[in-house]
Amino acid sequence: MTLETNQKNPGPRIIALILIFGLIAAMLGGCANNTAGEFGGLVNIITTTTMLYDLAVSIGGDCVSVTALMGPGIDPHLYQASAGDVIKMQDADVVLYNGLHLEGKMGDIFASLSKSGRDIICAEDGILTSAFLSDVLNPEIHDPHIWFDVSIWKDVAKHVAERLSDIDPENAAVYEANLKAHLAELDDLEQYIKGRAEEIPQNQRVLITAHDAFSYFGSAYGFEVMGLQGISTDAEAGTADVSNLAEFIADSQIKAIFIESSVSPRNIEALVAAVRARGFDVKIGGELYSDSLGDASSGHDTYVLTFKANIDTIVDALK
């Protein structure tokens with residue numbers, strides 16, 4: 001009788017234990033490899049840029065631990081890996097980089113890591129070569145700023161999810177679900193960008209910045225794009241570059257030009273002075289994020305928030 005009564009009415013301790021074990025099971029249900037599997041824990045991912053950091057976090061979710069070598073405001077064109085960076089990449093389970101020579105001073109490191117058997121994911125590999133834009137001055141060089149066309153960035157997201165699923169098949173379903181959710185966010189972002197761009201008359205959609213980082217943006221959303229420097233900040237703008245662009249701005253009466261968060265503003269400031277010397281007053285329309293996302297204090301520390309901040313800054317200055 002006592003046994004039967006206890007089975008029907010378990011005591012408080014038994015109930016508490018059931019709740020605790022149920023909570024633990026729910027917490028562990030998201031990612032199989034948190035407690036077991038090939039990695040014995042979270043998949044350790046090292047990314048180069050902040051854009052790739054955001055993408056790895058969005059796709060990997062609770063299954064991964066992500067570290068970016070380059071923080072907000074860092075120029076990847078000029079970045080040189082430290083000995084500590086190399087050790088981080090050697091110790092990582094996965095290294096995720098952009099490619100297309102964006103990380104121009106790190107190519108040999110990636111090649112060495114690949115030969116050593118490290119799992120490498122290159123964003124460039126997820127894109128059809130027909131989608132690449134070329135440097136105006138050197139058509140054999142592809143523009144690496146692929147994240148500024150959201151449709152291309154969707155392909156990169158799919159590639160990252162596929163490669164993570166290959167590397168960590170136990171959590172393939174999680175990566176696929178996270179990809180689906182992130183693609184929906186990117187769909188909404190794309191509609192937002194297009195809607196805001198429509199506020200500017202077509203003949204006023206001229207975007208002039210410190211370096212030629214926005215060609216994918218221009219091609220996707222109908223802007224003519226010009227930069228003082230080429231696709232890499234490694235090359236300095238000359239006096240003739242400033243003079244020629246100043247002449248164009250004055251003749252076309254461009255309302256505003258833009259500085260970039262990861263590039264020194266001195267060239268743009270010199271350009272403003274050169275335009276004013278020609279009798280036209282152009283303003284600096286604001287700061288754009290080019291080769292880096294914003295930081296936490298800016299409130300623009302994700303890909304979606306950074307891109308929204310950019311299009312808002314551009315439209316508000318040019319319309």
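**View 1. Welcome to the largest nonpolar core of this predicted model.** This core has 61 residues, and those that touch the most other members are I146, W153, F217 and F223. Helix 6, spanning residues 150-167, gives the most to this core, contributing nine residues. In soluble globular proteins, nonpolar side chains tend to be buried together.

**View 2. Here is a second, separate core.** Its 21 residues include M226, A246, A250 and I259.

**View 3. Let us step in to meet the neighbours of F223.** Leaving aside residues up to four places away in sequence, F223 touches A197, I200, R205, V206, L207, F217, G218, I314 and L318. One of these, F217, is listed together with F223 among the residues that touch the most other members of the largest core.

**View 4. Strand 5 and strand 6 pair in the parallel sense.** Five bridges link strand 5 (residues 206-211) with strand 6 (residues 224-229). Look for L207, whose bridge partner in strand 6 is V225.

View 5. The chain holds 11 helices and eight strands. Of its 319 residues, 45% count as buried. Taking contacts between residues at least 6 apart in sequence, 68% join residues at least 24 apart.

Note on methods:
Residues are numbered from 1 along each chain as its sequence is written. This is a predicted model: local features need pLDDT of at least 70, side-chain atom pairs count only at pLDDT 80 or more; totals for chains, interfaces and linings use all residues. Side-chain values use heavy atoms; hydrogens and water are left out. A nonpolar core is a set of buried Ala, Val, Leu, Ile, Met, Phe, Trp, Tyr and Cys residues joined through side-chain atoms within 4.5 Å. Buried means under 20% relative accessible area, exposed over 50%, partly exposed in between (1.4 Å probe, protein chains only). Helices (H or I, at least four residues) and strands (E, at least two) are DSSP runs, numbered from the N terminus. Contact means heavy atoms within 4.5 Å. Two strands pair if DSSP finds at least two bridges between them.
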